[in-house]
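Subject: Structure handover

Hello,

Here is the structure I promised. Please load it before you read on; my notes follow below.

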Amino acid sequence: MKKITVKTATSYDIIIGSRLLKKTGQLISEVEKSKKCALVTDSIVDELYADETVKNLKQSGFTVSKFVIPSGESSKSHEQLIALYNFLSKNDITRTDFLIALGGGVVGDLTGFCAATYLRGINYVQIPTTLLAQVDSSVGGKTAVNIDAGKNLVGAFKQPDLVITDIDALSTLPKDIFDDGMGEVVKYGMIRSAQLFGILEKGDVKDHLEEIIGECIKIKRDVVQNDEFDKGERMILNFGHTFGHAIEKFSGYGKVSHGKAVAIGMHMITRAAENTGRVKTGTAERLKNCLTANSLPLDFKIEADKLYAISTGDKKRTSDEIRILICPEIGKCDIITMSLKQYREFLDHI
């Protein structure tokens, strides 16, 4: 079992290891004073892990109410958020009580945003059960829901009190969902660790999961500590996301999963950057081979004008400029500011 401490305005620990779901009550008792909580999960994780988790919590003296959302990106919505608010009120969850997010990124984002806003803020704990959530969305305090105009456009910063990362939970993931998480894992190698990228290039990652997950979390921890509220360096964590979010929206949320959209976004932007002389020759090819080795897609058919129209709605755009993220070589990431005219011309080089 490993412990990684995130030192933000509200510091917390990330516990990584096996069989941690069986210690949930004990671990949460060490950080939460209240013995009353609401557990939020989705319809798939509910059948796999909710009963065991609730039983363990009750054995440690907690009173638990359970709220289940439909599995999938469409549940990261204001409709589910309002339903959750009403559930908490009905079950008399007070400002001194807390929430638990048991599931993937959708559950974590929805629960975190609810915790940031219900009664103007209550505590919450993350128990991520997908690879994508374990390496990325459960760490760093970004929470959000989607609206018709785009992904994650309504949200808040809310750090959890604890993150419990049980690697055993990944054993029940369908291959497609595991592969989806690898999109974010490859991102970490691209932006900050040539050594990690070298491991990922081989494509055989399941024997090194604790090492890989720990390295991804450390990278994110370091970046978040330097820029908790996303004013500068933290933007590099969105490498591949400008195009990725556009692809998710264009295809209809849930049609192209987040990690796979990020993989495509990374490949497309690296190819365009290499074609315009901004990236070391051969970088796009190495990235392509790494993505292929980890069963991730490379391309998506979308016209440049359409990609421009959707991606300029990204949060990294100002009134007449957009900041994009480019890896000039494996393990390094730069924030580049372009005029909207330059950006549109850049898209012709994908």
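A polar contact here is a pair of N or O atoms within 3.5 Å, where one must be able to donate a hydrogen and the other to accept it. Keep that cut-off in mind for Glu-228. Note also that the model is predicted.

Glu-228 first. This residue sits in the loop that joins helix 8 (209-226) to helix 9. Its side chain makes a polar contact with the side chain of Gln-159, at 3.2 Å. Is Glu-228 buried or exposed? Glu-228 counts as buried because its relative accessibility is 14%, and buried means under 20%.

Which residues does Glu-228 touch, once neighbours within four places in sequence are set aside? The contacts are Thr-8, Ala-9, Phe-157, Gln-159 and Arg-234.

One distance for your notes: Glu-228 and Ile-322 lie 21 Å apart, C-alpha to C-alpha. In sequence, 94 residues separate Glu-228 from Ile-322.

Now the cavities. How many reach 30 Å³ or more? The count is one. The largest cavity holds about 40 Å³ of space. Its lining is made up of Asn-238, Phe-239, Gly-240, His-241, Thr-242, Phe-243, Ile-269 and Leu-325. Helix 9 (residues 241-251) supplies the largest share of that lining, with three residues. By class, the lining has four nonpolar residues, four polar and no charged.

Best regards

Key
Residues numbered from 1 in each chain as written. Predicted model: local features only at pLDDT ≥ 70, side-chain atom pairs only at ≥ 80, totals over all residues. Heavy atoms only, no water. 1 Å grid on protein atoms, 1.4 Å probe; cavity = no way out; pocket = protein on both sides within 12 Å on 5 of 7 lines; lining within 4 Å. Points joined across faces, edges and corners; volume = space filled by probe spheres on them. Helix = DSSP H or I, 4+ residues; strand = E, 2+ residues; numbered from the N terminus. Nonpolar A, V, L, I, M, F, W, Y, C, P; charged D, E, K, R; others polar. Buried < 20%, exposed > 50% of the residue type's maximum accessible area, 1.4 Å probe, protein only. Contact = heavy atoms within 4.5 Å.
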